[in-house]
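Here is a short briefing on one structure. Keep the picture in view as you read, and find each part as it comes up.

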Amino acid sequence: MAVEKVLGIETEYGVTGGPGSDPVVASSIIVNAYAQGARARISWDFEGENPGLDARAQVGRTAFAPIVETHLANTVLTNGARLYVDHAHPEYSSPECRTPLEGLLYDVAGEEVMRRALRVANDSLRDVDAITLYKNNSDGKGNSYGCHENYLVRRDVPFDDVVRAMVAHLVSRQVILGAGKVGTETDDGLASGATYQLSQRAEFFEEVVGLETTMKRPIVNTRDEPHADAERFRRLHVIIGDANMSQVATLVKLGSTALLLALLEDEGVGAFPPLPHDPVRALRHYALDPDLRVVEPDEDGRTRTAWDYQDLLWTLAARYVARGGGVALGDDDAVAMVLDQWREMLDGVRDDPSRVADRVDWVAKRRLVEGYRERYALAPTHARLRAIDLQYHDLRPEKSLAARVGLREIADREGIREAVHKAPTTTRAYFRGECVARYPDAVTAANWDSLVFDLGHGPLQRVPMMDPLRGTAALTQDLLDKCQTADALLAALDG
Amino acid sequence: MAEQERIKRQRTERSTPATGEVTVDSSKGEQLKADLDELLDEIDEVLEENAEEFVRNFVQKGGQ
């Protein structure tokens, strides 16, 4: 049986401005502004974080363990999310969610968290030091930053099978999920002469499988850090995605990937199509072709477009669901919504992209860029077109172009407001978020898989949460309601 | 393709998506075009004033 697909998205936001235009300072101001505003200054606990562990038997020869920065602003929110400074970007890591729709809700809540932080921060800064935030993945000059997805996967699925099942999807899903980009910015990209790409991220990927996230980025990342019982679970860390402004795209990104993983767990890797012969080349070539005509050979010598791969994978997923699969993603309606939207986006980009301009980011952005270019007879990568590209992702309502192109909203607005403060009820994020909300003075540190309490007497006490599917409202709400203090809670947990 | 349509029909019969189906009619394309034209009319008010400087100064440190 496929394990329930606990999932979430972590997004590094592009940041400009701040005193001295220092991105680390600006990012810290953002995180601290929100933390002060929200009174949620719980520090993150690094015990149990070991990003250097590799899911493969041995670490690749070119692999280096990433640097973990422990001195930067870092906080846990009452919705169970983590808000912190990663490298030189503010990052929002959503809480653990149980369905793709919930994953979407908490990703959008993350945008709202950043927007609120921005307002609080800029209220205290001089106008010339005002900070701006962008939910994108590149600066157009060769620097990229990530939007990573995480999926709970059964540990007994061999990692090689995960790679075989995922590569074709991760290479081809950009045809409906890419956020679009004006121009290119790597040597290969520039040499191609392409003026518009499906994806923000594709041209930054250099390997098929690997441990890195900041250099030699791999299509399948092998970081083996389950933040859970490692005997039972993996956490597949997907680093290749674009940050989507389209809510439907975020839903389908989480839903399609989770469905294929559930299919892998339930029925094995045999049903999956052959990999592209050269996955990195395929990824990049597909990205450079908004007409979706480029074909790449697979391992068996057959050529396929990215669309062909997606069509095949959709059919696999739909048959699996028709057989009764997909329960790991939640109820029937939620799974149907993922499949229906996935299909409509695919048919739309093939038959008439304007039909899905309300759902596919690269199409929405391209229509804007092309419309503007034609109106003013501009060169295809003119600075004003690049500005449109950047401002598509601007978080400020008065500057955001994504907010103006008519993207469909499927997350309920009241639900988003609630998700900014309240954690999902069906994962351990509930227990984390509620403890931060109820006992803010006692929770001194937190991690995905534990909370540390300082009761003001005796040693610090760690409460492990090794199962992402426990710590739910159903399991802990009564207990929390009975315990007015952290002392009472810990006494009850001991008893 | 026949296989896809069969599967899609099956699913549609089994359950209705939580949000409304998007119906595609002929007027939608024209409406989209009109909306785009309208947005292009006003986009200069939203775009950063000096696009070249804005784009040039948008430099990020690499991340993950």
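At what angle do helix H3 and helix H8 of chain A pack? The angle is about 130° in this predicted model.

**Helices H3 and H8 of chain A**

- H3(A) covers residues 159-172, and H8(A) covers residues 306-322. Their axes lie 9 Å apart.
- H3(A) is oblique to H8(A) because of that angle of about 130°.
- On the H3(A) side, the contact residues are Ala168(A), His169(A) and Ser172(A). On the H8(A) side, they are Ala306(A), Tyr309(A), Gln310(A) and Leu313(A).
- Sorted by class, this contact of H3(A) with H8(A) has four nonpolar and three polar residues, and no charged ones.

**Helices H6 and H9 of chain A**

- H6(A) packs against helix H9 (residues 332-351) of chain A at an angle of about 110°. Here too the axes are 9 Å apart.
- H6(A) therefore counts as roughly perpendicular to H9(A). The range for that label is 65 to 115 degrees.
- The crossing of H6(A) and H9(A) is left-handed.
- H6(A) brings several residues to the contact, including Val248(A), Leu251(A), Val252(A), Gly255(A) and Leu259(A). Those from H9(A) include Val335(A), Val338(A), Gln341(A), Trp342(A) and Met345(A).
- The contact of H6(A) with H9(A) has 12 nonpolar residues, three polar ones and no charged ones.

**Nonpolar cores**

- In soluble globular proteins, nonpolar side chains tend to be buried together.
- The largest nonpolar core here has 129 residues. Which of its residues touch the most other members? They are Tyr92(A) and Trp342(A).
- Helix H6 (residues 247-267) of chain A gives the largest share of this core, with 12 residues.

**Buried, partly exposed and exposed residues**

- Is Ala121(A) buried or exposed? Ala121(A) is buried, because its relative accessible area is 1% and the cut-off for buried is under 20%.
- Ala121(A) sits in helix H2 (residues 100-123) of chain A. Setting aside neighbours within four places in sequence, Ala121(A) contacts Ile29(A), Ile30(A) and Ala33(A).
- Ala121(A) and Ala258(A) are 137 residues apart along the chain, and their C-alpha atoms are 36 Å apart.
- Glu299(A) is partly exposed, because its relative accessibility is 38%.
- The loop between strand S14 (296-297) and strand S15 (303-304) of chain A holds Glu299(A).
- Which residues does Glu299(A) contact, leaving aside its neighbours within four places in sequence? They are Arg164(A), Pro274(A), Leu275(A), Pro276(A) and His277(A).
- One of these, Pro274(A), is 25 residues from Glu299(A) in sequence. In space the two are 5.9 Å apart, C-alpha to C-alpha.
- Asp494(A), in helix H15 (residues 486-494) of chain A, is exposed because its relative accessible area is 63%. The cut-off for exposed is over 50%.
- The C-alpha atoms of Asp494(A) and Arg470(A) are separated by 17 Å. Along the chain, these residues are 24 apart.

**Positive phi angles**

- Most residues other than glycine have a negative phi.
- His87(A) is not a glycine, yet its phi is positive, near 55°. Look for His87(A) in the loop between strand S5 (82-86) and strand S6 (89-93) of chain A.
- Lys216(A) is not a glycine either, and has a positive phi of about 40°. Lys216(A) lies in the loop between strand S11 (205-210) and strand S12 (217-221) of chain A.
- Lys216(A) is partly exposed, with a relative accessible area of 33%.

**Chain B**

- How many helices and strands does chain B have? Chain B has three helices and zero strands.
- Along the sequence, the pattern of chain B reads α-α-α.
- Chain B has 64 residues, and 33% of them count as buried.

Methods:
Residues numbered from 1 in each chain as written. Chains lettered and ligands numbered in written order. Predicted model: local features only at pLDDT ≥ 70, side-chain atom pairs only at ≥ 80, totals over all residues. Heavy atoms only, no water. Axes fitted to C-alpha atoms, helices over the stretch in contact; angles between N-to-C directions. Helix = DSSP H or I, 4+ residues; strand = E, 2+ residues; numbered from the N terminus. Parallel < 35°, antiparallel > 145°, perpendicular 65-115°, else oblique. Contact = heavy atoms within 4.5 Å. Nonpolar A, V, L, I, M, F, W, Y, C, P; charged D, E, K, R; others polar. Core = buried A, V, L, I, M, F, W, Y, C linked by side-chain atoms within 4.5 Å. Buried < 20%, exposed > 50% of the residue type's maximum accessible area, 1.4 Å probe, protein only. Left-handed = near helix turned anticlockwise from the far one by under 90°.
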